[in-house]
Amino acid sequence: MPKMKTKSSAKKRFRVRPGGTVKRGQAFKRHILTKKSTKVKRHLRGSTAVHETDKGRIKQMLPFAGL
C-alpha cells in the first residue's frame, strides 16, 4: 500500500484548532483592492472558520490533522 499524503496546498491554507474547528484565511483580500470600500476590506481582515459542510473535504486533504 502506498503512504497517505497530506495535500501541500491544504496544509498551507488551513489550521485545525484544539476544539476541532478548522481555521482559514478570508478570500477576496489579495488584489483589486482599489475598488473595494474600506468597510469591505476591514471585514475581510483576520481569519474565519471553515463551514461544517466542507469539513469532510478538509478531512480528506489533511488525513493526519485529527479531525
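**Salt bridges and a threonine**

In this predicted model, the count of salt bridges comes to two. The criterion behind that count is a side-chain nitrogen of Lys or Arg within 4 Å of a carboxyl oxygen of Asp or Glu.

One of the pairs joins Lys 55 to Glu 52, with an N to O distance of 3.9 Å. This pair counts as a salt bridge because the cut-off is 4 Å.

Another salt bridge links Asp 54 with Arg 57, and here the closest N and O atoms are 2.8 Å apart. Asp 54 has a relative accessibility of 29% and therefore counts as partly exposed.

Attention now turns to the threonine. Thr 6 lies in the segment before helix H1, which spans 8-13. The relative accessible area of Thr 6 is 30%, so this residue is partly exposed.

Which residues does Thr 6 touch, not counting those up to four places away in sequence? The contacts of Thr 6 are Lys 11, Met 61, Leu 62, Pro 63 and Phe 64. A further relation concerns Thr 34: Thr 6 and Thr 34 are separated by 28 residues in sequence, and their C-alpha atoms are 36 Å apart in space.

How values were computed
Residues numbered from 1 in each chain as written. Predicted model: local features only at pLDDT ≥ 70, side-chain atom pairs only at ≥ 80, totals over all residues. Heavy atoms only, no water. Buried < 20%, exposed > 50% of the residue type's maximum accessible area, 1.4 Å probe, protein only. Helix = DSSP H or I, 4+ residues; strand = E, 2+ residues; numbered from the N terminus. Contact = heavy atoms within 4.5 Å.
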